[in-house]
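Hi,

Here is the structure I promised to pass on, with my notes below it. Have a look at it first, then read on.

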Amino acid sequence: MEAHVRIEVEPAFLTQAEVAVLLGVPARTLEGWRLTKSGPPWLKLGRHVKYDREDVLAWAREQRHG
């Protein structure tokens with residue numbers, strides 16, 4: 001009898017909505033940041049805007065003040 005193993009993988013690339021939740025900002029804020037090149041790095045996969053989870057977290061840490 002073959003055992004079934006379930007592996008749950010956290011996605012490496014996040015959607016705009018997921019990043020908005022992660023950072024606690026509106027999705028429209030991320031759109032504005034993309035236009036002004038002031039937000040976290042993003043990439044385009046076909047028609048889809050995606051964010052590398054590690055890049056987003058690193059960017060957020062760089063925003064610390066004080």
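**What turned up**

Just after helix α1, Gly24 takes a positive phi of about 70 degrees. Please bear in mind that this is a predicted model, in which local features need pLDDT of at least 70 and side-chain atom pairs count only at pLDDT 80 or more, while totals for chains, interfaces and linings use all residues. Residues are numbered from 1 along each chain as its sequence is written, and side-chain values use heavy atoms, with hydrogens and water left out.

The chain has three helices and three strands (DSSP runs numbered from the N terminus: helices are H or I with at least four residues, strands are E with at least two). From the N terminus, the order is β-α-α-β-β-α. The radius of gyration, taken over C-alpha atoms, is 15 Å, well over the 11 Å that the globule rule gives for 66 residues, so the chain is more spread out than a compact globule (the rule is 2.2 Å times the number of residues to the power 0.38).

On to the sheet. Its three strands lie in the order β1-β3-β2, forming an open, antiparallel sheet (strands pair if DSSP finds at least two bridges between them). β1 (13-14) and β2 (43-45) are at the edges with a single partner strand each, so one side of each has no neighbour in the sheet. Between β1 and β3 (residues 48-52) there are two bridges, and Leu14 has Tyr51 in β3 as its bridge partner.

Back to α1 (residues 16-23), where Gln16, Val19 and Ala20 are buried (under 20% relative accessible area with a 1.4 Å probe, protein chains only; exposed is over 50%, partly exposed in between). These buried residues fall within an arc of 105 degrees seen down the axis, so they line one face of the helix (the arc is that of the directions from the helix axis to the C-beta atoms). They pack against β1, α2 (27-36), β3 and α3 (53-62).

Leaving aside neighbours within four places in sequence, Val56 is in contact with Val19, Leu22, Leu23, Pro40 and Tyr51 (contact means heavy atoms within 4.5 Å).

Finally, there is one salt bridge (a side-chain nitrogen of Lys or Arg within 4 Å of a carboxyl oxygen of Asp or Glu). Arg28 forms it with Glu31, with the closest N and O atoms 3.3 Å apart. Arg28 is exposed at 65% relative accessible area, whereas Glu31 is partly exposed at 26%.

Best wishes
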